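This report describes one protein chain.

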Amino acid sequence: MEVANGVVSKIEALERENASKKDEIQKLRKEIDSLRRDREAETSAAEEARSAAALRKVLEEKECRVRFLEREAKSLKRKNAESEMKVRNLERRLGVLEVRESEERSKRVRAEEETKEKVGEREREIEVLRQRIEDLEKARVAEKGGVGFREEGERVEGKGKKEFGLVWPVVAAGCGAVAAVFYLCFPKRR
């Protein structure tokens, strides 16, 4: 932005200088006219020609300088417009990138929340299944007086039956929960 401000201030300075040079040219023209009239009365034709030539030369130099300054002012205005257009383009691109980043962040957060919810649901389901298995195991042991498992996983024997009871569903449910967690937490990247 400082570059644009610098360019604008340079353009304004050149325009002021251009206006002052134009005023100076007008004054010089008037002075030339005045000098011509004065010299006609006082000097000879040769001196008059020399001074007119010198004044014309000065006038031509000033006009040349004014044309140069006008071209320079146009060039600076064009560069300023190009700079402003680039700044607007970059600001627009930055806005688009910020929107994309925000969308990606919200998608990621949403996916994490959904994953946490699904894992939580699976853990609750596993806990319910474990409780059911424990209840069934206790009921089975109490009912048949056979082999069962206590809460610590120790084997309880009764009436000579040797069974493992309902431990395998707990293992299967645990494996399923682990697989679900890995599937949800580590999806394939596209």
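Helices (H or I, at least four residues) and strands (E, at least two) are taken here as DSSP runs, numbered from the N terminus. On that basis the chain contains 3 helices and 2 strands, and from the N terminus on its elements follow the order α-α-β-β-α. The model is predicted: local features need pLDDT of at least 70, side-chain atom pairs count only at pLDDT 80 or more, and totals for chains, interfaces and linings use all residues. Residues are numbered from 1 along each chain as its sequence is written, and side-chain values use heavy atoms, with hydrogens and water left out.

The predictor's confidence in each residue is expressed as pLDDT, from 0 to 100. Its mean for the chain is 79, and 76% of the residues reach 70 or more. Over residues 147-163 pLDDT stays under 50; for this segment the model has 36 contacts (heavy atoms within 4.5 Å) beyond four places in sequence.

Of the 190 residues of the chain, 18% count as buried, where buried means under 20% relative accessible area, exposed over 50%, and partly exposed in between (1.4 Å probe, protein chains only). The accessible surface of the chain comes to about 15,300 Å², and 54% of this surface belongs to carbon and sulfur atoms. Accessible areas come from the Shrake-Rupley method with a 1.4 Å probe; for residues, only the protein chains shown count as cover. Among contacts between residues at least 6 apart in sequence, 54% join residues at least 24 apart.

**Salt bridges**

A salt bridge is a side-chain nitrogen of Lys or Arg within 4 Å of a carboxyl oxygen of Asp or Glu.

| Pair | N to O distance |
|---|---|
| Arginine 65 and glutamate 17 | 3.2 Å |
| Arginine 29 and glutamate 63 | 2.5 Å |
| Arginine 105 and glutamate 101 | 2.9 Å |

In the salt bridge between arginine 65 and glutamate 17, arginine 65 lies in helix α2 (residues 45-144) and glutamate 17 in helix α1 (residues 2-42), so the pair ties together parts that are 48 residues apart in sequence. Arginine 65 is partly exposed at 38% relative accessible area, and glutamate 17 is partly exposed at 27%.

The salt bridge of arginine 29 with glutamate 63 likewise links distant parts of the chain, with arginine 29 in helix α1 and glutamate 63 in helix α2, 34 residues apart. Their relative accessible areas are 32% for arginine 29 and 24% for glutamate 63.

Arginine 105 and glutamate 101 are 4 residues apart in helix α2, and are therefore separated by about one helical turn. Arginine 105 has a relative accessible area of 41%, and glutamate 101 one of 48%; arginine 105 is partly exposed, as is glutamate 101.

**Nonpolar core and surface patch**

A nonpolar core is a set of buried Ala, Val, Leu, Ile, Met, Phe, Trp, Tyr and Cys residues joined through side-chain atoms within 4.5 Å. Which residues form the largest nonpolar core? Its 5 residues are Val7, Ile11, Leu14, Leu69 and Leu76. The elements giving two or more residues to this core are α1 and α2, and α1 gives the most, with 3 residues. Leaving aside residues up to four places away in sequence, valine 7 touches Leu76 and Asn80.

Val178, Phe182 and Phe186 make a nonpolar surface patch of about 340 Å². Patches are made of residues with over 30% relative accessible area and no salt bridge: like charges are joined within 9 Å, and nonpolar side chains (Val, Leu, Ile, Met, Phe, Trp, Tyr) within 5 Å. Valine 178 is located in helix α3 (residues 167-185) and is partly exposed, with a relative accessible area of 47%.
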